[in-house]
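Visitor: I would like to learn how to read a protein structure, feature by feature. Could you take me through this one slowly?

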Amino acid sequence: MDAVQGTLDELGTPLREVTFVVFDLETTGGSAAEHAITEIGAVKVRGGEVIGEFATLVDPGGPIPPFISVLTGITDAMVVAAPKFSEVLPSFLEFVAGAALVAHNAPFDMSFLKAACQVNGYPPPANPVVDTADLARRVLTRDETPNCKLATLARVFRSSTEPCHRALADAKATVDVLHGLIARVGSLGVHTLEDLRGFVRAPTPEQQRKRHLAEGVPGAPGVYVFEDDRGEALYIGKSSNLRNRVRSYFTASETRSRIREMVGIAERVRTIVCATALEAEIRELRMIGVTKPRYNRRSRFPERVVWLKLTDEAFPRLSVVREVKDDGAAYLGPFGSSRTADDARTAMHEALPLRQCTERLSARVRRPACALAEIGRCGAPCEGRESEESYAGHVRRARHAMELDAEAVFSAMEARMSRLSAEQRYEEAAVDRDRLAAYVRTAARMQRLRSLTGIPQMVAASPAFDGGWDIHVIRHGRLAAAGVMPRGAHPTPYVDALVATAETVLPGPGPTPAASAEETECVLRWLDSPGVRLVQVDGTWSLPAYGAGRLIERIERAYRHQRSDRREGRPLR
């Protein structure tokens, strides 16, 4: 059979012959599903020459949020006579026909363009797309540019146009950035459009050089640890298939810049095979919390959570603390920050006249009352106006609100927000809504955690892929053992053996006595998954009948109204 020599056309389209349409959109917000386009600007270039421009303001169909007007300079008055995007879209699609589309952070602009096409009955553009931000991240080093924002790159490549959040100006600046990047990649053997798009998708040289680190990784569930030459953990992850997951770090599918940087430093991958996917997830959490790898962002500092404590003293108060002690006090949490805990405390103070001073009080020592007593927000036990017995009633209600029923706090805050809204003090009402949300969400979370952490032992099983069963022993919310029972086997010997070899768990104080809140939540999610069967339960697994969980939907509904108000330009409710 005679060999056939390929033509130059088969090698791809030379970049000098490619028509690029570099475009930019200005919008009323960041979501293509919820926001609208206010301006479109595009520049058509080929062989380094500008051959056409397209620019118009667009009527978004509603008011432009003030902060967007400040950012872009586009006001409602400017777009009042502008065409709708449905009128602009046909002309723009004709302008880009046959061209490669280019944008800075292209997924954002393309999401709006595709959404507009769908709404107006057009098929989504099939044009090839080049993202200059992604290309710059792969071409430029940290020494050359601190970031890949358009304004920064425009300075790096000495653009003749300064980006200013106006569509045509930003598109012109992106043209200069595109040409600068093409000049850079030319020295790397990128000469065609296909080369250019493939360059963005290709793994870095470091990734290719480190592929051998994935050799010998087992195809089982477990935890993997990327380590440097000193054995220090750089990154910890988990997977139901270690081999496939570790290999993905050395392919084009891994696009996170920090992870690509981590791969370049790594010298080995250590794996820990686990019996089940849940065990792998729990081990990952524990190992990240202990070793705190620098390239892990999630769960690195579980010890930084804070709690709202109802102190155990003569006249208890609500205090933000970092440690749960076995001191008889009531605790609400955990909170991710002191600010969120303080928001919840403020919400509780609206319903409960607990003292807000920080001194220790006694029935024998008198102190002058503060202004809160004068406005009826405190019973002034410091002056002896309120006895220990009377104050104890407030304490009982506070403990009840923290552990069992959030209705009193919710009703008090709801009444305050309604009053503020009636007085058109919408911003203050929104602040109170955030405070109430901090309280309700945390109370609901804690009550859900306590429902499991109060159980000395639970054994549960879920169907495995091969027809067997994954079995877990949970003690006080902590995963104590994990194992697999083969298909068709009798469960009793496997369950008895797993229980006998499970970790001994001695609970400590507080709502999370034996594990982090995140670990117990992982177990709860697994228990909620389809097909899980309870094998043994020592005690009762239940939630408070009037717990905070029933109020979550009302909180979420308030936030949905807020998002709707912002889209429509109405004041926050």
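Predicted model: local features only at pLDDT ≥ 70, side-chain atom pairs only at ≥ 80, totals over all residues.

Visitor: Is Trp541 buried, exposed or partly exposed?

Guide: The word buried is kept for residues under 20% relative accessible area, and exposed for those over 50%, with partly exposed in between. Trp541 has a relative accessible area of 32%, so this residue is partly exposed. For a contrast, look at Thr28, which sits in the loop between strand S1 (19-27) and strand S2 (37-46); Thr28 counts as buried because its relative accessibility is 9%.

Visitor: Which residues does Thr28 touch?

Guide: Leaving aside residues up to four places away in sequence, Thr28 touches His35, Ala36, Thr38, Pro60, Ile64, Pro65 and Ile68.

Visitor: How should I read the buried residues of a helix?

Guide: An α-helix has 3.6 residues a turn, so residues three or four places apart point the same way. In helix H11 (residues 257-265), the buried residues are Arg258, Ile259, Arg260, Met262 and Val263. Among the elements that cover them are helix H5 (132-139), helix H9 (205-209), strand S6 (222-227) and strand S7 (233-239).

Visitor: In what order do the strands of the sheet with S6 and S7 lie?

Guide: This open sheet has three strands in the order S7-S6-S8, paired in the antiparallel sense. Its edge strands, which each pair on one side only, are S7 and strand S8 (268-273). On average, neighbouring strands are turned by 20° against each other, with direction ignored. Six bridges link S6 and S7, and Val223 has Lys238 in S7 as its bridge partner. Helix H12 (residues 277-291) packs on this sheet, where it touches S6, S7 and S8, and its direction makes about 165° with that of S7.

Visitor: How many strands form the sheet with the order S14-S13-S12-S15?

Guide: Four strands form that open sheet, and their pairing is antiparallel. Strand S14 (478-485) and S15 are the edges, each pairing on one side only, and the twist from one strand to the next averages 15°. Strand S12 (residues 457-463) is joined to strand S13 (residues 469-475) by six bridges, and Pro463 has Trp469 in S13 as its bridge partner.

How values were computed:
Residues numbered from 1 in each chain as written. Heavy atoms only, no water. Helix = DSSP H or I, 4+ residues; strand = E, 2+ residues; numbered from the N terminus. Buried < 20%, exposed > 50% of the residue type's maximum accessible area, 1.4 Å probe, protein only. Contact = heavy atoms within 4.5 Å. Pairing = 2+ DSSP bridges. Axes fitted to C-alpha atoms, helices over the stretch in contact; angles between N-to-C directions.
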